[in-house]
Amino acid sequence: MQTSVSFLSLSVSAPVRIKCSLVTTPSTDPNSMAASGPKWAQKTITLPPLRRGCHLITPKIMKEIGPDLSGFKCGLAHLFLQHTSASLTINENYDSDVRADTETFLNRIVPEGPSAPWRHTLEGPDDMPAHIKSSMFGCTLTIPITNGNLNMGTWQGIWLCEHRDDPTARKVVVTLNGI
Amino acid sequence: MQTSVSFLSLSVSAPVRIKCSLVTTPSTDPNSMAASGPKWAQKTITLPPLRRGCHLITPKIMKEIGPDLSGFKCGLAHLFLQHTSASLTINENYDSDVRADTETFLNRIVPEGPSAPWRHTLEGPDDMPAHIKSSMFGCTLTIPITNGNLNMGTWQGIWLCEHRDDPTARKVVVTLNGI
Amino acid sequence: MQTSVSFLSLSVSAPVRIKCSLVTTPSTDPNSMAASGPKWAQKTITLPPLRRGCHLITPKIMKEIGPDLSGFKCGLAHLFLQHTSASLTINENYDSDVRADTETFLNRIVPEGPSAPWRHTLEGPDDMPAHIKSSMFGCTLTIPITNGNLNMGTWQGIWLCEHRDDPTARKVVVTLNGI
């Protein structure tokens, strides 16, 4: 009796693995159009290990959620990175120098190495700086959905900033809500 | 068959121009009260060019969405700035010195000019610093709606921080969701 | 005719006081299961005064919203701190040194005292730095809800960062939305 929201596993290129998939939608009238009632959809995306620095991940995210987004006329897409030594932010989607310069800034502003004042050093000199950078940029983003697409500006893209020297796969929980 | 949500163009003072307006609400029972079912509303607000620095924009935002907010008993208001060289943040709404001091801080922390280490300099010395500041403060805010109003603290206000020397109009996508 | 959402005052330990409680849910079909339609719930939590620094508040938040979360299969939990001299962030939930080091970082990066360049000093030398730190980390968080729980990573926790020397009670508006 549930209207269908196609937020199931999609065929994706190798580096992105889908970990889980949850299809949810409120059942009101089974005869109602899928687009007419509020819908919820949620999935966990696993991003492959990326080297320390800032990375544009809009294409990877869109490959995962694009088909589902098309079912939303108006809503919000929420991204939540389940880690404390990386971050999500929105910034320039064109010139890779912007990403390199942002990494340069983060490394200048957060001390690292023998002279750094950190107590928390068990996992190496890059550990505590990674935690700080994670809170500076944050681990969560909310983006409007309009007419089936993420309604970002022309030059905006979604970045994953990896703050560890030895990166691991990173999980992002994506939640879509709208009509 | 849709219940009406008044999220249409409003009569506003000169500096704020409405670019588009999308009225959406889930149609369930056309006889139901507008306030009883989940509602979505979304519009794009264009803010006029503002000089480099931090600006209190709560009045401008409220002028645009206030009448619509009154239809929500409980919900969330989401603001999304469609730019990568400005930012949205919530901070003190009273003493303008707080905004001036915040601009002073941002300029101290992000190097600018000949000695700055940036590669991305095509658009001028303030370009790369603007991108960094945008990720520091972020381009998105979510604020609770309670009984028809933004449920901020007494001293909180919405700031637009313009990080470019030659500012342009800035677009903010506002999405309201609630009951 | 409203289905019930148990977002009422809970029995909590002394330091956390519930200030208000708003129970809301869209009435569609009174015979429908509570879990099948979109639900909204909102309350204001008052956290006790905490000393300057970063504090793990996940247990306090969960004590307030845990029973209500269990009614949501999929959704979003939004936390909004109603203050401009403290912040909310998500970071490491285990080693308290991470919280101490983060406080060390904030104090290094934001000048305080006679040599600081601030105009806004009426409330003391820690006042303007507190405002800046609040915008650096932000006052709002959105966390996915999955199967009745906050879907954070293994090592993630919710932090309240108190930036004033003479702390006061802090209010957090929590809004739950989902199905």
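How many residue pairs are in polar contact between chain B and chain A, both at pLDDT 80 or more? The count is 13 residue pairs, taken from what is a predicted model.

In terms of contact, 32 residues come from chain B and 36 residues from chain A. About 2900 Å² is buried between chain B and chain A, and carbon and sulfur atoms give 64% of that area. Three residues stand out on the chain B side: B:W40, B:F80 and B:S135 supply 21% of the area that chain B buries against chain A, more than any other three residues. The rule also finds 1 salt bridge across this interface. In a salt bridge between these chains, the side chains of A:D97 and B:R119 meet at 3.5 Å, N to O.

Chain A also meets chain C. Here the contact takes 32 residues from chain A and 36 residues from chain C. The two chains bury about 2900 Å² between them, with 65% of it on carbon and sulfur atoms. Within chain A, the residues losing the most area to chain C are A:W40, A:F80 and A:S135, which together make up 21% of what that side buries. Across the interface of chain A and chain C there is 1 salt bridge by the rule, and the side chains of A:R119 and C:D97 meet in a salt bridge at 3.5 Å, N to O. The side of chain A that touches chain C draws two or more residues from each of β1 (17–24), β2 (39–47), β4 (74–81), α3 (127–137), β6 (140–146) and β9 (170–178) of chain A. The greatest contribution to this side comes from α3(A), with 5 residues. Its make-up by class is 16 nonpolar, 15 polar and 1 charged residues.

Turning to salt bridges in general, the structure holds 27 of them over all chains. Side chains of opposite charge can pair when their charged atoms come close. Within chain B, B:E112 forms a salt bridge with B:R52, and the closest N and O atoms are 2.8 Å apart. This pair links distant parts of the chain, 60 residues apart: B:E112 sits in the loop between α2 (96–109) and α3 of chain B, while B:R52 sits in the loop between β2 and β3 (53–56) of chain B. B:E112 counts as partly exposed because its relative accessibility is 30%.

In chain C, the side chains of C:R164 and C:E123 meet in a salt bridge at 3.3 Å, N to O. Distant parts of the chain are again linked, with C:R164 in the loop between β8 (156–162) and β9 (170–178) of chain C and C:E123 in the loop between α2 (96–109) and α3 (127–137) of chain C, 41 residues apart. The relative accessibility of C:R164 is 13%, so this residue counts as buried. Chain C also has a salt bridge between the side chains of C:R170 and C:E162, at 2.9 Å, N to O, and both of these residues are buried. In chain A, salt bridges that share partners join A:R52, A:E103, A:E112 and A:D165 into one network.

Two further features of chain A complete the picture. Helix α1 (residues 58–69) of chain A spans only 14 Å between its end C-alpha atoms, whereas a straight helix of 12 residues would span 16 Å at 1.5 Å a residue. The buried residues of α1(A) are A:T58, A:I61, A:E64, A:I65, A:G66, A:D68 and A:L69. An α-helix has 3.6 residues a turn, so residues three or four places apart point the same way. Elsewhere, A:C74 lies in strand β4 of chain A and counts as buried because its relative accessibility is 0%. The C-alpha atoms of A:C74 and A:I132 are separated by 35 Å, and these residues are 58 residues apart along the chain.

Note on methods
Residues are numbered from 1 along each chain as its sequence is written. Chains are lettered from A and ligands numbered from 1 in the order in which they are written. This is a predicted model: local features need pLDDT of at least 70, side-chain atom pairs count only at pLDDT 80 or more; totals for chains, interfaces and linings use all residues. Side-chain values use heavy atoms; hydrogens and water are left out. Contact means heavy atoms within 4.5 Å. Buried area is the accessible area (1.4 Å probe) that two parts lose on being put together, summed over both. A salt bridge is a side-chain nitrogen of Lys or Arg within 4 Å of a carboxyl oxygen of Asp or Glu. Helices (H or I, at least four residues) and strands (E, at least two) are DSSP runs, numbered from the N terminus. Ala, Val, Leu, Ile, Met, Phe, Trp, Tyr, Cys and Pro count as nonpolar, Asp, Glu, Lys and Arg as charged, and the others, Gly among them, as polar. The expected span of a helix is 1.5 Å times one less than its number of residues. Buried means under 20% relative accessible area, exposed over 50%, partly exposed in between (1.4 Å probe, protein chains only). A polar contact is a pair of N or O atoms within 3.5 Å; within protein, one must be able to donate a hydrogen and the other to accept it, and residues adjacent in sequence count only if both atoms are side-chain atoms.
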